[in-house]
Amino acid sequence: IESAMKFEAIIFDIGGVVITAPQLTIAAVEQELGLERGFLTLVFASGWPNNAFCRLERGELKLSQFCPKFEEECHQLAQSQRVLLPTHFSAKALFDRIASDVKPIPEMLQALQILKKSGVKLCALTNNWIDDTRPSLNPLHGLQECFDLILESAKLGMRKPEPQIYSLACQRLDVKPERIVYLDDIGRNLKPAQEMGMTTILVRDARTALKELERVLGIDLCISKL
């Protein structure tokens, strides 16, 4: 109990932490298109922090504006690497597939319910986008009730790992960084939080991450019962 009192808030990334990672879909699409593994991932990362994807996640572009720009970036990289990008490649189809493939991770949902009862503040901090092609789509996959605070990059105009998004999380939670645990599946997103004083957990798989969270908090999250 004393260990649990040390922390007042837990921040969760969404994709790859609470729901399955979109990277799994991206890798599957690369394989189906006959592309070298990592090609699309490289397009997402190239030109950071002002490429089409970063602008999408900051809400500077909506999905319908992003798709042609991303396809253009794909064609440019394919040309420079002498890679054959199939003519039927569609950014819209890729993002529709990501939206339909991702699923909540049961262990994480159970842990969130237990943590909510413990009285600790729960925050979702997610890099996401505005899908204006399907306005009815819920970008949070119905997870709103799991969290006390939800911070979405596309609504804030800033994205991880920009330091100001972590400062904003602390401000909105009204909790000092030293009293926050933060879980993310991308190491570079954890670095600024760690530098601010947060305790960070790199999520490679849900069970291992939750065991680490149990150790840090001193709370039983019932991992062994699943």
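I shall speak about the sheet, then the helices packed on it, and finally one glutamate. Please keep in mind that this is a predicted model.

Let me begin with the sheet. It is open and consists of five strands, arranged in the order β3-β2-β1-β4-β5, with parallel pairing. The edge positions belong to β3, residues 149-152, and β5, residues 199-202. Each of these two has a single partner strand, so one side of each has no neighbour in the sheet. From one strand to the next, the twist averages 15°.

Within this sheet, consider the pair formed by β1, residues 9-12, and β4, residues 180-184: four bridges join them in the parallel sense. Here Ile 10 stands opposite Val 181 in β4.

Two helices deserve attention next. Helix α9, residues 163-173, lies across β1, β2, β3 and β4, and runs at about 160° to β3. Helix α11, residues 206-217, also packs on the sheet, where it touches β1, β4 and β5. The direction of α11 makes about 175° with that of β4.

I turn now to Glu 30, which is located in helix α2, residues 22-32. Is Glu 30 buried or exposed? Glu 30 is buried, and yet it has no salt bridge. The nearest side chain of opposite charge is that of Arg 37, 5.5 Å away.

Thank you for your attention.

Key: Residues are numbered from 1 along each chain as its sequence is written. This is a predicted model: local features need pLDDT of at least 70, side-chain atom pairs count only at pLDDT 80 or more; totals for chains, interfaces and linings use all residues. Side-chain values use heavy atoms; hydrogens and water are left out. Buried means under 20% relative accessible area, exposed over 50%, partly exposed in between (1.4 Å probe, protein chains only). Lys and Arg count as positive and Asp and Glu as negative; His and the chain ends are not counted. A salt bridge is a side-chain nitrogen of Lys or Arg within 4 Å of a carboxyl oxygen of Asp or Glu. Two strands pair if DSSP finds at least two bridges between them. Axes are lines fitted to C-alpha atoms, for helices over the stretch in contact, and angles run from 0 to 180 degrees between N-to-C directions. Contact means heavy atoms within 4.5 Å.
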